[in-house]
Amino acid sequence: MTVQQLINRLSISLCLTCISTSIFASPAKLSTVKELMQVSQIDYLLRQSLIELKPYYDKQAEQIILNTTGSKQLNDKERQAANQLSQLLKDYSTQIISNPNTQKTIEEIYLKTYSEEELQASIKFLNTPEGQSITRKNAKMMGELSEYMM
C-alpha cells in the first residue's frame with residue numbers, strides 16, 4: 001500500500017468517524033443544562049459581572065452626558081446626572097439578569113448549541129479542581145475585559 005492510499009483510507013475513516021459522531025450525538029437534556037449552569041455558576045458570573053462593570057457604566061454615563069451637552073468637563077449638576085444614569089444602566093442590567101425569561105433563554109441556547117455528551121463532558125471538567133479554578137477566574141477576567149473596552 002502506498003502512502004497516498006494510506007492517507008486516502010485514513011481520510012475516509014476520519015470522515016466516517018466525524019459523520020457517525022454527529023449523527024449519533026444525543027440531544028441535550030434540560031436537566032443536564034441546568035446542572036451545567038449550576039456547576040459553571042452562571043448566576044454568580046452574571047451578578048459578579050455587574051459589579052465588575054460599574055466603572056464601565058460610570059464611563060459610559062459620563063460620555064453620554066458630555067456628548068449630549070457638548071461640554072468638555074462635567075459640572076456638578078452634570079456629574080449628578082451621570083451618576084444617576086450609571087445607576088439606571090446598572091439597574092436595567094440587573095433587571096435583565098434577574099428576569100426568569102433570561103434564565104430560560106440561556107437554557108434554550110445551551111439546548112440548541114450542545115449535545116448531551118458535550119454537556120456531560122463540560123460538567124465532568126468543571127467538577128475538577130482545574131475546572132473550578134477556571135470558573136472562579138472567569139468573573140475576574142470579564143472585569144478586566146470590561147476595563148479594556150472602556
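This is a predicted model: local features need pLDDT of at least 70, side-chain atom pairs count only at pLDDT 80 or more; totals for chains, interfaces and linings use all residues.
Me: How many aromatic pairs does the structure hold?
Reply: Rings of Phe, Tyr and Trp (its six-membered ring) pair if their centres lie within 6.5 Å. By that rule, the number of aromatic pairs in the structure is 2.

Me: What kind of aromatic pair do Tyr56 and Tyr57 form?
Reply: Planes under 30 degrees apart count as stacked, over 60 as edge-to-face and the rest as tilted. For Tyr56, which is partly exposed at 23% relative accessible area, and Tyr57, the centres are 6.3 Å apart and the planes at 55°. The pair is tilted.

Me: What are the relative accessible areas of Tyr110 and Tyr114?
Reply: These two rings also make a tilted pair, because their centres are 5.8 Å apart and their planes at 35°. Tyr110 is buried, at 17%. Tyr114 is partly exposed, at 38%.

Me: Which word describes how H4 and H5 lie to each other?
Reply: Helices (H or I, at least four residues) and strands (E, at least two) are DSSP runs, numbered from the N terminus. The axes of H4 (residues 54-69) and H5 (residues 76-98) come within 8 Å and cross at roughly 130°; axes are lines fitted to C-alpha atoms, for helices over the stretch in contact, and angles run from 0 to 180 degrees between N-to-C directions. Under 35 degrees counts as roughly parallel, over 145 as roughly antiparallel, 65 to 115 as roughly perpendicular and the rest as oblique. H4 and H5 are therefore oblique.

Me: Which residues of H4 make the contact with H3?
Reply: Helix H3 (residues 42-52) and H4 pack at about 45°, with axes 4 Å apart, which makes H3 oblique to H4. Contact means heavy atoms within 4.5 Å. Leu50, Ile51 and Glu52 of H3 touch, on the H4 side, Lys54, Pro55 and Tyr57.

How values were computed. Residues are numbered from 1 along each chain as its sequence is written. Side-chain values use heavy atoms; hydrogens and water are left out. Buried means under 20% relative accessible area, exposed over 50%, partly exposed in between (1.4 Å probe, protein chains only).
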